[in-house]
Each structure stands twice: as C-alpha cells, then as structure tokens.
Amino acid sequence: MSRSHPNPVTRRRVFYIPGYDPIHPRRYRELYRKEGAAQAEISGYEIALTPAAKAEHFGWQVDARMDGRPVHADVEVLVWSDIVRDSMEATIPGTYLQLVRTAWIYIASGALRRLMRLRKGPVIAALYPVGMLVGQALLALALWYAFWRVGGLLGPVGTWAGAALGAVAFVALLRWFKAKDGTFFAYYLMHDYAYSAASRGANPPALEARMRAFQDSIAAALQTDVDEVLVVGHSSGAHLAVSILSDLIRGAHVPAEGPALAFLSLGQVVPMVSFLPDAHRLRADLQYLSAREELTWVDVTAPGDGCAFALCDPVAVSGVAPPDKRWPLVFSAAFTQSLSPARWKELRWRFFRLHFQYLCAFDRPRDYDYFQITAGPVTLADRYADRPPSKSRIDVPVSKYTSVAA
C-alpha cells in the first residue's frame with residue numbers, strides 16, 4: 001500500500017463527501033454519534049463527539065481511545081446539499097419530462113444495457129422511480145376517468161362537470177404523491193438520476209466550482225501536522241472524490257513529507273455516471289487516480305446494498321484501467337456476515353437504510369469498521385496492507401464509452 005506511516009495516528013483530518021442528498025449535514029453528525037457509540041460498546045473502545053470550531057464547512061471533532069491509544073479526528077462534511085436542492089425544484093410536469101429525457105439517454109446510449117451486466121440491484125433502483133411515477137400518473141388518470149364516467153351518467157352537463165372535477169382530482173392526487181415523496185422516494189430518485197444524465201455524464205458548472213472549493217480544503221489540510229488526511233466518498237460522493245483527488249495530485253498539492261493521503265469510497269455508484277457518453281472527465285480521473293502512489297484507495301461495497309454497484313471495480317468496469325493500475329482495493333463489507341441474523345432480518349428490505357450501513361455499527365464486525373478507520377490509530381494504508389481483494393469482484397471492461405478528457 002502507498003504512503004504507509006508506521007507510527008500510530010494521533011491526529012487525523014476526515015473529509016466526508018455525501019451523495020445526492022438535500023438534507024442538512026447535521027444528520028451525518030447525529031448518525032456518527034449514535035452509531036459510533038453503538039460500535040464502541042460492541043467492540044470495546046471509547047469514542048466521543050464534540051462540536052467543531054467554526055469553519056467554512058459543517059463538521060465535528062472526535063476523541064477516541066482504541067487499542068490503548070488516544071486519537072483526535074476533525075471531521076468535515078463537504079456540503080453540496082444546496083446544489084442538490086436546487087436541482088430538485090422541477091415542477092410535476094418538469095419531473096415527468098426529466099423521466100422521459102433520462103430514460104432516453106440511458107437507453108439510447110446503450111448505458112442501461114451495459115449496466116445490467118454488472119449488478120441488477122442498482123439498475124432496479126434506477127428503474128424504480130420510472131415505474132413509480134408512471135404508476136402514479138396512471139392512478140391519477142384512472143381517477144379522472146372515473147369522475148368522467150360517473151358524470152356521463154347525468155347527461156351532457158354531467159359529462160363536462162365530471163371531466164372538470166376529474167381534472168381537479170387528477171392534479172390533487174399527483175400533488176399528494178409528491179408531498180408524500182418522503183415515503184415513496186420516486187421524485188427524489190428521479191431527480192438524482194436526471195442530475196447526471198442531463199449533461200450525459202459531465203459535471204454541471206456549479207458542481208465543478210464546488211469541487212474546486214473542496215479541493216482547496218483538502219489541500220490546506222495536507223499542509224498541517226496531522227498524520228493522515230482521509231477522504232470518504234459515499235454513494236455519488238465517491239465519483240466526486242475521484243475527480244477532486246485527481247485534480248489535487250495533478251496540481252502538486254500532496255507534499256512528499258506530509259500526512260498520509262487516503263481515499264475510502266463507500267457504496268459507490270460510479271458506473272451510473274462513467275458509462276454515460278460525455279463522462280470523459282470522470283473516466284480520465286478514474287484512469288489517473290488508479291495508478292497514483294500518492295494515496296491509498298480502498299473501495300468498500302456489499303452485495304446486500306441494492307443501491308450500490310457492489311464489488312464492481314469502478315476503474316476496470318469503466319474500461320479505463322491503465323497497465324500500471326494499482327487502485328482501488330475492492331472488498332465487501334459482507335453485511336450478511338458482519339450483521340447478526342436478527343439484525344440482517346430487520347434491515348434486509350430497508351434498501352435506503354442499507355445504503356448507509358457503511359457509516360453504521362455492525363454487531364458482528366469483521367475487518368471493516370468505519371469508526372476505527374476514521375478515529376483509530378492506524379492509517380488506511382496500514383490497516384489494509386495485507387488485505388486481498390474480494391475474489392467475487394467484477395474487474396472486466398463493460399462500458400461502451402471509454403474515451404477520456406485530453
């Protein structure tokens with residue numbers, strides 16, 4: 001592994017890049033507090049959170065004692081939830097237009113067919129909002145038809161009245177479905193997939209600007225006297241981290257004698273973007289980062305997470321693996337083994353909750369522990385120095401599009 005530091009970590013900077021999430025980042029602090037306490041009780045170590053000093057980004061401080069060693073970590077959430085919220089402001093008709101446009105891009109480009117060769121789970125998750133939104137529209141249309149038919153029994157005037165009342169009911173039902181999307185997640189997921197598809201895999205300008213700001217924050221941390229700078233990219237945040245770290249290294253912002261630089265990608269959905277025709281920038285960054293010795297890159301997914309491309313090497317399946325590829329190390333969090341049968345039974349059908357399990361406690365922990373990685377005395381490089389990749393990983397080229405940015 002690269003940039004190994006044989007001495008124990010006493011200070012760490014952690015940058016967490018969330019996925020496509022409109023919610024305030026305090027949810028991640030409370031999740032860390034709750035799940036960290038649970039894991040500490042299970043695994044026999046100490047961990048405590050305190051508010052972070054005022055900074056540009058939202059965060060918290062962690063003080064832990066693991067294996068008899070004290071460690072202090074400063075955690076920052078690199079926030080782009082405002083960009084996400086702005087992208088979710090489409091009206092109901094606008095969302096249905098997004099549905100048609102997004103489906104066309106994935107189908108016509110051949111990306112959907114190629115993605116289905118990898119894992120069915122995330123493809124089903126991508127098709128879910130299409131089916132749900134179409135179903136909602138059909139139910140609303142059926143309601144309008146019922147009003148129209150009943151009105152027709154009362155003569156011509158009743159027909160017109162029934163059609164008018166049906167139109168009101170049609171709109172009201174669609175608005176109700178949208179208001180209840182916290183239960184159905186159809187609009188949320190549709191906006192998620194439409195966000196990347198709208199530019200056919202290229203990053204929108206607002207997101208590129210935010211990524212440059214994130215890069216500056218990480219670069220500044222690499223100039224401090226901490227032992228490790230750890231970047232965690234979760235879900236869609238994983239492919240943002242790939243590009244951010246690539247630019248960081250290209251810009252010579254990683255000091256040779258500085259902190260160890262580590263990248264942990266969790267529950268990644270990289271192929272949903274890298275398989276699109278215009279994802280030249282992302283594919284170039286995947287190719288570049290996979291061969292760098294300035295960092296350690298570990299990719300953790302789990303087949304039990306139906307929203308992630310589990311055990312799919314994001315570089316290899318995107319068809320851009322260079323001859324000197326060294327990253328990422330791909331292995332499974334093994335939900336069915338690291339969670340007790342009772343806990344697995346409780347979570348098995350809670351798909352969105354499972355997508356966040358990487359950030360949570362395991363009641364039968366194996367070699368993956370989010371809190372030991374972020375607040376423990378061992379660098380990511382040393383922790384997994386002898387860890388072999390999962391044998392069941394998919395590491396063959398699948399994407400139709402393999403062109404990279406110049």
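A: A search of the whole structure finds three cavities of 30 Å³ or more. In general, rolling a probe the size of a water molecule over the atoms shows where empty space is left. Here a cavity is a set of points, on a 1 Å grid over the protein atoms alone, where a 1.4 Å probe fits but cannot get out, and lining residues have an atom within 4 Å of a point. Grid points are joined across faces, edges and corners, and a volume is the space filled by probe spheres set on them. The model is predicted, so local features need pLDDT of at least 70 and side-chain atom pairs pLDDT 80 or more, whereas totals for chains, interfaces and linings use all residues. Residues are numbered from 1 along each chain as its sequence is written, and side-chain values use heavy atoms, with hydrogens and water left out.

Q: What volume does the largest cavity have, and which residues lie nearest its centre?

A: The volume of the largest cavity is about 90 Å³. Of the 14 residues that line the largest cavity, Tyr195, Ser196, Leu207, His239 and Val273 lie nearest its centre. (H and E denote DSSP runs, helices of at least four residues, H or I, and strands of at least two, numbered from the N terminus.) By class, the lining of the largest cavity has eight nonpolar, five polar and one charged residues, where Ala, Val, Leu, Ile, Met, Phe, Trp, Tyr, Cys and Pro count as nonpolar, Asp, Glu, Lys and Arg as charged, and the others, Gly among them, as polar.

Q: Which residues line the second largest cavity, and how many of them are nonpolar, polar or charged by class?

A: About 70 Å³ of space lies in the second largest cavity, and its lining is formed by Tyr16, Tyr28, Leu31, Tyr32, Trp60, Leu359 and Tyr370. Helix H1 supplies the largest share of this lining, three residues. By class, the second largest cavity is lined by seven nonpolar, no polar and no charged residues.

Q: How is a pocket set apart from a cavity, and what volume does the largest pocket have?

A: A pocket is an open set of points with protein on both sides within 12 Å along at least five of seven lines. In this structure the largest pocket has a volume of about 690 Å³, and its lining counts 32 residues, with Tyr20, Tyr188, Phe352, His355 and Phe356 nearest its centre. Five helices, H1 (26-43), H5 (120-152), H8 (186-197), H11 (271-274) and H16 (351-354), each contribute at least two residues to the lining of the largest pocket. The largest share of the lining of the largest pocket comes from H8, with five residues. By class, the lining of the largest pocket is made up of 21 nonpolar, seven polar and four charged residues.

Q: How should I read strand E7: how many of its residues are buried, and which of them point one way or the other?

A: In a regular strand the side chains alternate between the two faces of the sheet. In E7, Thr296, Val298 and Val300 point one way, while Trp297, Asp299 and Thr301 point the other way, and all are buried (under 20% relative accessible area, with exposed over 50% and partly exposed in between, for a 1.4 Å probe and protein chains only). Because six of the six residues of E7 (residues 296-301) are buried, this strand is largely enclosed by the rest of the structure.

Q: Which strands are joined to E7 by bridges?

A: Two strands pair if DSSP finds at least two bridges between them. Strand E6 (residues 260-266) is joined to E7 by five bridges, and the two run parallel; within this pairing, Leu264 has Val298 as its bridge partner in E7. Strand E8 (residues 329-332) also runs parallel to E7, joined to E7 by four bridges, and there Val298 stands opposite Leu329.

Q: Which strands pair in the antiparallel sense?

A: Strands E2 (residues 46-51) and E3 (residues 58-66) run antiparallel and are joined by six bridges, with Ala48 partnered by Asp63 in E3. E3 also pairs in the antiparallel sense with E4 (residues 69-77), over nine bridges, and Met66 has Arg69 as its bridge partner in E4. E3 and E4 form a hairpin with two residues between them, and Asp67 in the turn has a positive phi of about 55°.

Q: Is Ser235 buried or exposed, and where is Ser235 found?

A: Ser235 is buried, with a relative accessible area of 11%, and sits in the loop between strand E5 (228-234) and helix H10 (237-250). By contrast, Arg113, found in helix H4 (residues 111-115), is partly exposed, with a relative accessible area of 48%. The C-alpha atoms of Arg113 and Ser399 are separated by 9.7 Å, although these residues are 286 residues apart along the chain.
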